[in-house]
Amino acid sequence: MTADDGRPENQWPVPPPWMWGCPECVRLYRRMKRVQEETDERRRSGDRGVDHDPLDSMIGSRIRLARHLVTGHREHLPDWTPGCERCAWHHRILDAGPEPHHPGSAAAMVAAEHRAFHLFVPPRVVGLM
C-alpha cells in the first residue's frame, strides 16, 4: 500500500448489490480484480520502466465488465456524473451526433461503458476511460 492508496480518487468503489446477483457480473468482476492484483504484483517485484501488462489485460478486463453491464444491465447504469469531465465529453459527443443517444451507435456504447466504469473503478481511473 502506498500513500496515494488512501486518497479518495484512488479508492475502489463497492459495486452495487444488484451486481452480486448476476453470476456473469461476479465472474467478470473477480477476473478484473485478479488481473489487477497480478499486474500490481509484477509491478512491485519487477524492473522500473517496464510494461508489466504488455497485453493490456487490466484495461481489457475492465472493458469486458463494462460491456456486460451495458448490454445486460443498462437500466442500472448511473446517470452522467456531475463534475466528471469525461462524462461531459461523452455527453457532448452524443448530443452532436446524427442520432443523439441512439443505443446502437459506437459512441453511445463507449459513453455507456464510461458510465458503467463509475460503478466499479476508482474515480482517478474513470477519468481515463
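**A close look at a helix pair and its surroundings**

Modeller: Happy to! Let me start with a histidine and work towards the helix pair. Leaving out neighbours within four places in sequence, His90 is in contact with Trp80, Val110, Ala111, His114 and Met129. Please keep in mind that this is a predicted model. His90 sits in helix H4, which spans residues 85–96. Its relative accessibility is 6%, so His90 counts as buried, the cut-off being under 20%.

Now for the pair itself. Two packed helices are described by the angle between their axes and the distance between the axes. Here the partners are helix H3 (residues 57–73) and helix H5 (residues 106–120), which pack at an angle of about 105° with their axes 8 Å apart. Because angles of 65 to 115 degrees count as roughly perpendicular, H3 is roughly perpendicular to H5.

Which residues make the contact? From H3 come Arg62, Ile63, Leu65, Ala66, Arg67, Leu69, Val70 and Thr71, and they meet Met109, Ala112, Glu113, Ala116, Phe117, Leu119 and Phe120 of H5. By type, the residues of this contact divide into 11 nonpolar, one polar and three charged.

Several of these names come back in the largest nonpolar core, which has 21 residues. The members that touch the most other members are Leu65, Leu69, Leu77, Phe117, Phe120 and Val121. H2, H3, H5 and helix H6 (123–126) each supply at least two residues of the core, and H5 gives the most, with six residues.

Val121 is worth a stop of its own. Setting aside residues up to four places away in sequence, Val121 touches Trp12, Pro13, Met32, Arg62 and Val126. One of these, Arg62, also belongs to the H3 side of the contact with H5.

Arg44 has a relative accessible area of 59%, so it is exposed, the cut-off being over 50%. The side chain of Arg44 makes a polar contact with the side chain of Glu41, at 3.1 Å.

Finally, the wider setting. The protein chain has six helices and zero strands, and along the sequence it reads α-α-α-α-α-α. Of its 129 residues, 36% are buried. Among contacts between residues at least 6 apart in sequence, 66% join residues at least 24 apart.

Methods:
Residues are numbered from 1 along each chain as its sequence is written. This is a predicted model: local features need pLDDT of at least 70, side-chain atom pairs count only at pLDDT 80 or more; totals for chains, interfaces and linings use all residues. Side-chain values use heavy atoms; hydrogens and water are left out. Axes are lines fitted to C-alpha atoms, for helices over the stretch in contact, and angles run from 0 to 180 degrees between N-to-C directions. Helices (H or I, at least four residues) and strands (E, at least two) are DSSP runs, numbered from the N terminus. Angles under 35 degrees count as roughly parallel, over 145 as roughly antiparallel, 65 to 115 as roughly perpendicular and the rest as oblique. Contact means heavy atoms within 4.5 Å. Ala, Val, Leu, Ile, Met, Phe, Trp, Tyr, Cys and Pro count as nonpolar, Asp, Glu, Lys and Arg as charged, and the others, Gly among them, as polar. Buried means under 20% relative accessible area, exposed over 50%, partly exposed in between (1.4 Å probe, protein chains only). A polar contact is a pair of N or O atoms within 3.5 Å; within protein, one must be able to donate a hydrogen and the other to accept it, and residues adjacent in sequence count only if both atoms are side-chain atoms. A nonpolar core is a set of buried Ala, Val, Leu, Ile, Met, Phe, Trp, Tyr and Cys residues joined through side-chain atoms within 4.5 Å.
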